[in-house]
Amino acid sequence: RTVSAGIKEKNMEKIHILTDSSSDIPQALVEQHGIEIVPIMLSHGGRTFREYYDITPAECCRLLEESDEIPSTAMATPAVFLESYNRAFERGCTHLIGVLINGSGSGTYQAACLAKGMFEEEHGEGAMVIEVFDSRTYTYIVVKAAEMREQGESFEAITSVIRSRLSRVEAYLGVYTLKYLKKSGRISGGAAFVGEALGLKPISFVYDGAVKVCDKVRGEKALAAGICKKVAARVQQPEKQTGILLYGDVPEERLAEVEKRMREEIGFKDVVRCAIGPSVLSNTGPLAIAVAYYGAPRE
């Protein structure tokens, strides 16, 4: 009886899952799993774009290469999230899960939380259970959440897995040129000049809400090797997980080299490639590459 009651309760749940457009999830997976993408806004040359919907990563790369102006980004607003919550509620959803861009670098997570309070004021607390997560790093976990939903897992089980994996997700990011960091004002012109003259390629560690340069290597080949060496030192049980290879306008031979290292040197069970979206490319420039994975749990 207890098991039957549990199954019945689980089947009564209708769970909506959303993330923002910085998640970089390929469109095929978004459509396959019915994940809602809330767009981050970009402005450039007097025009405004909704990331994911109005501008593709390839179009953003061309824009960055051809223009001296760096696009500015704006968070999704509470009103946008409230509309999403109301649409899910009107469709009969009983639960909603949102996993959003690192709250230390964007106000999107805070906007989603404000919208939750607005929804509860309008409909009453408990009308639809809403749980919003600050990814602190990367939001690809929503694909796993959607797969669990399709397998009939409960809201409680799904959110438990999200919490566990968000406490472990990390990434290393490298850029092949300092040109765009200079254009965005993230480094000085002098530092960019010296770095380019020496062939230096910075590697940043993306961890628990922070992005910090942790190393500089010399030469393009050293960048792929350097990133993979750092990932290998921190990844936990790579043979049981899928590594995420994120990329901008990077030649296929460079991507193939990193993927080969991920499979053969690190030993990932599988590798998924995801194009870096415009909101991140605006900060890194088009010649960027990253590897995301699960490391040891953070406290």
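This is a predicted model: local features need pLDDT of at least 70, side-chain atom pairs count only at pLDDT 80 or more; totals for chains, interfaces and linings use all residues.

Biologist: How many helices and strands are in the chain?
Modeller: The chain has 12 helices and 13 strands.

Biologist: And what share of the residues is buried?
Modeller: Of the 299 residues, 48% are buried. The accessible surface is about 14200 Å², with 51% of that belonging to carbon and sulfur atoms.

Biologist: Which residues have the most contacts inside the largest nonpolar core?
Modeller: Those are Ile-97, Val-99, Tyr-138, Tyr-140, Ile-162 and Leu-246, in a core of 43 residues. Helix H6 (residues 141-150) gives the most to this core, six residues.

Biologist: What does Leu-246 touch, leaving out residues up to four places away in sequence?
Modeller: Its partners are Asp-24, Tyr-138, Cys-274, Ile-276, Ala-288, Ile-289, Ala-290 and Ala-292.

Biologist: Switching to H7, which of its residues are buried?
Modeller: Phe-155, Ile-158, Thr-159, Ile-162 and Leu-166 are. They cover an arc of only 95° around the axis, so they sit on the same side of H7.

Biologist: What do those buried residues pack against?
Modeller: They pack against strands S1 (15-20), S6 (95-100), S7 (129-134) and S8 (169-175), plus helix H6.

Biologist: How far does H7 reach from its first C-alpha to its last?
Modeller: H7 (residues 155-166) has 12 residues and reaches 16 Å, close to the 16 Å expected at 1.5 Å a residue.

Terms used. Residues are numbered from 1 along each chain as its sequence is written. Side-chain values use heavy atoms; hydrogens and water are left out. A nonpolar core is a set of buried Ala, Val, Leu, Ile, Met, Phe, Trp, Tyr and Cys residues joined through side-chain atoms within 4.5 Å. Buried means under 20% relative accessible area, exposed over 50%, partly exposed in between (1.4 Å probe, protein chains only). Helices (H or I, at least four residues) and strands (E, at least two) are DSSP runs, numbered from the N terminus. Contact means heavy atoms within 4.5 Å. Accessible areas come from the Shrake-Rupley method with a 1.4 Å probe; for residues, only the protein chains shown count as cover. The expected span of a helix is 1.5 Å times one less than its number of residues. The arc is that of the directions from the helix axis to the C-beta atoms.
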